[in-house]
Amino acid sequence: MGRRSVEFNASPRPTLGVEWEMVLVDAASRDLAPRAAEVMAAVDREASATGPRVTKELLRNTLEVVTGVCDTVAEVAEDLTGTISAIRRVTDPMGLQLMSAGTHPFGRWDEQLVTPDERYAELLERTQWWGRQMLIWGVHVHVGVNSVHKVLPILNTLLNHYPHLQALSASSPYWTGFDTGYASNRAQMFQQLPTAGLPFQFGGWGEFEDYVDDMLVTGVIDGLSDVRWDIRPSPKFGTIEVRVCDGTPTLRELRAVTALIHCLVVHLDERLEAGEDLPTLPPWHVQENKWRAARYGLDAEIIVDAAGRERLVTDDLTEWLDRLEPVARRLDCAEDLALVAGIPQRGASYQRQRATFSRGCERGAPNPLHDVVDSLVQEMREV
């Protein structure tokens, strides 16, 4: 039997698709509420043939809102807003709130109920303690690519921008009631699963097919969806899927990171079209940058080239925003990309959460982490 081929259904244009994970929170206790099945059933009853799109996830407290195929960030925002409005028509009378962040500030992993599903059961049977700790949420952004030969060169160079995306979206400083000291504890947690974490830097599609074949033959995966890399090809949809970001509490931040990802992929695609060789970092630099961004967030000093030159992530980000502005204009997302600069000015979510906690302590709040949940819930209302 020969090597299995992996067909990439190339996208004729750089389309967008976004998956936004969010959780149900009990309005009174602020704790996680395992009522996703009820909510989804009620939303489905009022949904049209084309939407809203709400899917289940591993835990019964989680909803994933999925867009259709979009061409612009504005279309993504409109799609998500419509779906979330439909969800709120169900959740508000139930006494449930919506929240999105990389982690819940005090939720306990060992108290969560798992969604009945054979695939989830197999995952937990295999991964045991680590799998049961996946009380984490993120945002996944798909961008269409028009040639299989571009996918891995773009993916490899996107890893240079991993720390920028991680630092901007970091929203998981707390874990089971404790400050972890990390801006993104989610990034550290998720990579404990088999085939999760950073992707390998393959030199060509054939090497990726070899990897997939080996994983299938040895039983590591049952299908491509079991490859849970932070950035991965999505052959079925003809996209590169960027899964770096923590759950974003606001639509404004989601628009910002989506625009940045869209612009980066198209910018790299255009450089390939122009005959350029795209720059990459050694895997050990990529790994170090991931850790630094997860630990220090927007204060991270990152490695920016193969020679080991370092720079503050926000300084490097400012330069990239200027460089990508013409791309953003062509993609009709200049206003969305401009929102990126506002995140360090306002404070990333991990910084806002810690500030809310400190204010709660100063005023003698009975449980300052309840204040953190309230602030995240209120920010989600900005949709």
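Colleague: Which residues lie nearest the centre of the second largest pocket, and how many residues line it?

Modeller: Rolling a probe the size of a water molecule over the atoms shows where empty space is left. In this predicted model, the second largest pocket is lined by 19 residues, of which Asn160, His161, Val304, Asp316 and Trp320 lie nearest its centre (a pocket is an open set of points, on a 1 Å grid over the protein atoms alone, where a 1.4 Å probe fits, with protein on both sides within 12 Å along at least five of seven lines, and lining residues have an atom within 4 Å of a point). Residues are numbered from 1 along each chain as its sequence is written, and side-chain values use heavy atoms, without hydrogens and water. Local features need pLDDT of at least 70 and side-chain atom pairs count only at pLDDT 80 or more, whereas totals for chains, interfaces and linings use all residues.

Colleague: What is the volume of the largest pocket, and what lines it?

Modeller: Its volume is about 1,300 Å³, the space filled by probe spheres set on grid points joined across faces, edges and corners. Its lining has 47 residues, with Glu19, His140, Arg232, Glu241 and Arg243 nearest the centre, and strand 1 gives the most, five residues.

Terms used. Helix = DSSP H or I, 4+ residues; strand = E, 2+ residues; numbered from the N terminus.
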